[in-house]
Amino acid sequence: MTTITTMGPVCFKILVQAIFMLWLTMSQYLHHVKYVSAEFWCKDSEKLALLDFKSGLVDDYGVLSSWERNEDCCHWRGVFCNNLTGHVQYLDLSGLYDNPLVPNVGLGYTARRLKGQIHASLLELKHLVYFNLSYNYFPNTHIPQFFGSLSNLEYLDLSHSYFSGQVPPQLGSLSNLLYLNLEDNKLDGSIPYQLGNLSSLLYLSLCDNVFEGTIPSELGKLSSLEQLCLGGQATFGALTVDNRGGQWLSNLTSLMVLDLSEVINLNNSYIWMQIMVGSNLPHLQELHLESCFLSDHYLTKFMSNFKSNSSSSLRSLDLSNNYFESPMIFKWISQVNPNLVILDLSVNSLKGPIPSDFGTAMTSLQELYLIGNRFTKGKDLRSLADICSLMELSLMENNLDEELATILQNLSAGSCSGHSSLFVLFLNMNQITGEFSGISTGFPSLIQLSLAGNRLSGKIPEDITLPSKLESLSIGSNFLTGGIPKSFGDACLNSLSLNDNSLNEELPLIVNHLSGRCAGNSLQELDLSTNRINGTLPDMSKLIPFLEVLKLNENNLRGTIQADYRFPSQLATLELDSNSLEGVISDSHFANMSKLKYLSLSGNSLTLMFSQNWVPPFQLEEGILLSSCKLGPAFPKWLQTQKSSLIDISNTGISDVVPNWFWEKLAFPMPMDVDISLNNLIGKIPNLPIWPSYVDTLNLASNQFEGSIPPFLSGVYILDLSSNKFSESRLFFCAYNNATIGMPISILSLSNNTLSGSIPNCLSHFKSLVYLDLSHNKFKGKIPTSIGSLLNLGILVLRNNSLTGKVPLSLRSCTNLMRLDLSENKLSGPIPSWIESLHKTLTMVSLSSNHFHGSLPLNLCHLTNLHLLDLSLNNLSGQIPICFKNFTTLAQISTPINVSLRFQVNIGGDIIFRSVNYMAILMWKGAQRIFIEKHLFLKSIDLSSNQLSGQIPTELAELFGLVSLNLSRNSFTGTIPSMIGRLTSLEFLDLSRNQLSGSIPSSLTQIYRLTMLDLSHNHLAGVIPTSTQLQSFSASSYEDNLDLCGPPLPKLCKEVVKPPLPPPQEDEDASVLSLGFYISMALGFATGFWGIFGSMLVNRRWRHAYFRFLNTLMDHIYVTIAVKFVKFKRRLTGLQS
């Protein structure tokens, strides 16, 4: 087996830290051996300096709790001193180091431990050699310039700490510096050329910032540099390479790792690439060129200009997220860098067959990543079967659409006798079909296999054999049925995931099969969630005793969990939510589960009944989800012992006062989501002196909380207090009005309370708000002008209050506003013309049930993204502007509406994407209806109950996507637009109670989706057009149109009746055609033709009357036949049923 010699950025960083730790450990050992009799080694001046430094910091975690004045600072946490002099030399305050309370796995972010200001007293630490301040939280803080005066520094790590501003050029004075890490901050501006003076530097990382400008050529003076990371700037920055060919790069002859990812103009220079992959950098082992806009065109030009020997040292090459399409890239790599060990070509657009000689040329390749490309057929990958050294292959997120057996056959049909070296194979997130079989034949050495997210179907064959070394198998998110074959129990699996399929076997049988010869003792993770598995819970503590993760949620499990039931004692994660389990869970069920960290029992009929002073043996730090179980009526006291990041005890029958210790938990410095909604929690929330700055979501909705909303809750990021009895909000909004920093809250719902008085004009410090719902309260007075300071606001709902006055002009500053609902108030004045300033984002406007007057402003027509406009129940007058046809979103039928509001929330310094569960109250079919967000695809215009007049513009018929159109209770005149039938998406049409005249357009019969129609109380005339839809509505849809007739109205239309013809008389001489017969026929024809048709040719009125008679006759015949045919068809259908 080939040994990987590549040293990545993380490995190099750990190596440097290990060297420093070894040096300091030896120093500390000598300190204790030689000077055990000494009491204090710390210098007083340095102790005071550290205490001053501490005073400027906010220490939520108690990291600096050992920094006491009466203690030797050399024994403080993170502080190490020289064993001879007592001077502080080592200061390690990394937020990532030794942080067991806040795990970095599964939460999506790491809590930052220290924040605040960095005191200049650190200048007193003149002997400081090592300073690590990484993984902390210093937003809007510049790197102090005085760091450049810590002249003895050899190691400086400020990474992942949200520093902003420019890198101080004073850092270039640290001549002894070996290690400088500033990656993953918010640093901007240009990279200071003074960093080129750090002649001893071995490690320099400026990755993942927002630098711009040209990389300074002075970095070429860092001849000892072994790792250089400048990538990751393109998202917001614009870092470029110089136009002089990058000759300075060739001076870095010691370079081992180079990262120039996202350098935006690297694709314009061929000399840079020649230096990097050529022989100029003889020790380069790892090269990252991710997202550099490289393409096939660039590669063609480069190959024609390549004039250097290729690098023999390069072992790892990252060309992911570029624009390569053809297999040319494989040919180039095999020619230039055949010794590669790791190759990443993910997220390109590669397709077609990989060249056949690529596999035989890459004799050292061990890891190949082709994620997110466009490969479709297994034969295109056949060359990979010839890479006998390949250990890991990832083809996830391609377009592979063949049967699994075909793809596996192509990947194993090379010269390597069944890919005996391949340990890891990822084929997930493709469109692979067929059954799950044939794995062990082609890949006998597989340790990890993922086929999740494909289209595998059918039952897993009973005789299937898994590779003997397989430890992890993931085939979730497919269409597999049946159960798990007994042969799975013979494999020594550690992890098995079959989630999100259609397995429907009994759980006891499945577990019995898995408890076979090997899996029963080796299986640690089992995920069978989101299937149709039924049956009861078997005794897993005996059958699969070493399980650490068990996920059986979202199945059809039933039955009662007995009092003597025991779960596997090693469980850390237990998910049984969304089943039909019953029974009483007590202390004894968890007696032996000290390792449990995540418990989810939501959505069952379980009762949790613990002894009064029960102290759980576990610490559920990752999650407690007990929604819809029975916990009450008392608030569960045992929760006081838990420090969990996720608590959901909603709808659990608790009728109690929330104890103070629960509110105090919100101040614990770890990310938290808390949901105690849908209970009967009562009383007032105390105004505690805490600040829940790490609480992500707090849901207190649908309870009986009352009184004033305490201001400390404004420290939460997502807060739902809806459907309670809160009566006062001024303290909440205004308590921190003079604070120097803004409130972090991003989503706030106070709807359905009894809040009264005016909306406090203290909103300017809530600049992070993206969602504000104050609807269904008792607010009165004007909308506060400070609402215009909410520049990130996406949804504003003030419905159903008693607000008066005009819509404030300041609201036009909220240029991110997507949905505006001010309906059911007493607002007045004209519709604001400035609303056009929101044209880029505004999609929903509801101003109904107010006192707005005046005409519809033409500025409304600039809201091209609008898909819902409700101005009903106002005093608006004038005509509908013709420019309403500019509502382009309403004109599109097939374009889906993005009703999900996704936004960024800054939680503890980390940008997290969230979405809002938004509900809209809309008029639908004559009544108010609540539309949940995922069903909110309604495209609607409602102008009903106003004083609008004039004709209905024919241009409205161009809004093809309209689902609902309500123009009722106005004073519209003229006819219904004849082309209204083009609105084929219409389900609701109400034109009632106007003064419309003329006939009903026959084009209405083309709207097949129409389920509600009201044309009543107008002046319409003529026959109701015949169609399945129009005749299916009740007569009330057409009533009070005096001249309207035809079904379903009882009034029949008048028919023109012809006089009966006289019976024919037989002529005795009829058989004889005499001369008199022909003479009579000629005279009759001349008289009849010229007497009638001749008269019509001369007299225009007679001519028109005659043809009108013919048209009426034809219409009568057609309608009669059509009605009888429909009745016959219905009668026939009834007989068949």
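The link of cysteine 734 and cysteine 762 is right-handed, with 90° about the S-S bond. Cysteine 734 sits in helix α13 (residues 730–734). Cysteine 762 sits in the loop between β45 (756–757) and β46 (771–773). The pair therefore ties together parts that are 28 residues apart in sequence. The two sulfur atoms lie 2.0 Å apart. Cysteine 734 and cysteine 762 are both buried. The model is a predicted one.

A disulfide is a covalent bond between the sulfur atoms of two cysteines. A search of the whole structure turns up 7 disulfides. One of them joins cysteine 42 to cysteine 73, with the sulfur atoms 1.6 Å apart. The torsion about its S-S bond is about 85°, so this disulfide is right-handed. Cysteine 42 is in the loop between α1 (9–34) and α2 (44–55), and cysteine 73 is in the loop between β1 (57–59) and β2, so the link ties together parts 31 residues apart in sequence. Cysteine 42 and cysteine 73 are both buried.

Cysteine 207 and cysteine 229 form another disulfide, S to S 1.4 Å. Here the torsion is -95° about the S-S bond, and the link is left-handed. Cysteine 207 lies in the loop between β11 (203–205) and β12. Cysteine 229 lies in strand β13 (residues 227–229). The pair links distant parts of the chain, 22 residues apart. Both cysteine 207 and cysteine 229 are buried.

Two further cysteines deserve a look. Cysteine 292 has a relative accessible area of 0%, so it counts as buried. Cysteine 814 also has a relative accessible area of 0%, and it is buried too.

Now follow β12 into its pairings. Strand β12 (residues 210–214) runs parallel to strand β10 (residues 186–189), and 2 bridges join them. Aspartate 188 has valine 210 of β12 as its bridge partner. Strand β12 also pairs with strand β14 (residues 238–240), again in the parallel sense, over 3 bridges. There, threonine 214 has threonine 240 of β14 as its bridge partner.

Next come the aromatic rings. A pair of aromatic rings is described by the distance of the centres and the angle of the planes. The count comes to 32 aromatic pairs. Among them, phenylalanine 80 and tyrosine 90 are edge-to-face, 4.8 Å centre to centre and with 90° between the planes. Phenylalanine 80 belongs to strand β2 (residues 79–81) and tyrosine 90 to strand β3 (residues 88–92), 10 residues apart. Their surroundings can be set side by side. Phenylalanine 80 is partly exposed, with a relative accessible area of 24%. Tyrosine 90 is buried, at 1%. Phe80 and Tyr90 also belong to one aromatic cluster with Tyr130, Tyr155, Tyr179 and Tyr203.

An α-helix has 3.6 residues a turn, so residues three or four places apart point the same way.

Then the nonpolar interior. In soluble globular proteins, nonpolar side chains tend to be buried together. The largest nonpolar core holds 284 residues. Phe436, Trp663 and Phe884 have the most contacts inside it. Leaving aside neighbours within four places in sequence, phenylalanine 436 touches Leu404, Leu449, Leu451, Leu456, Ile460, Pro461, Ile464, Leu466, Leu473, Ile475 and Phe488. Another core, of 7 residues, lies apart from the largest one, and includes Tyr717, Ile718, Val770 and Ile795.

The tour ends further along the chain. Phenylalanine 972 is in strand β63 (residues 971–973). Is phenylalanine 972 buried or exposed? Its relative accessibility is 0%, so it counts as buried. The C-alpha atoms of phenylalanine 972 and isoleucine 952 are 6.7 Å apart, although the two residues are separated by 20 residues along the chain. Not counting residues up to four places away in sequence, phenylalanine 972 touches Ile880, Leu948, Ser949, Gly950, Gln951, Ile952, Leu967, Asn994, Gln995 and Leu996.

Technical notes. Residues numbered from 1 in each chain as written. Predicted model: local features only at pLDDT ≥ 70, side-chain atom pairs only at ≥ 80, totals over all residues. Heavy atoms only, no water. Pairing = 2+ DSSP bridges. Helix = DSSP H or I, 4+ residues; strand = E, 2+ residues; numbered from the N terminus. Buried < 20%, exposed > 50% of the residue type's maximum accessible area, 1.4 Å probe, protein only. Contact = heavy atoms within 4.5 Å. Phe/Tyr/Trp six-rings, centres within 6.5 Å; stacked < 30°, edge-to-face > 60°. Core = buried A, V, L, I, M, F, W, Y, C linked by side-chain atoms within 4.5 Å. Disulfide = S-S within 2.5 Å.
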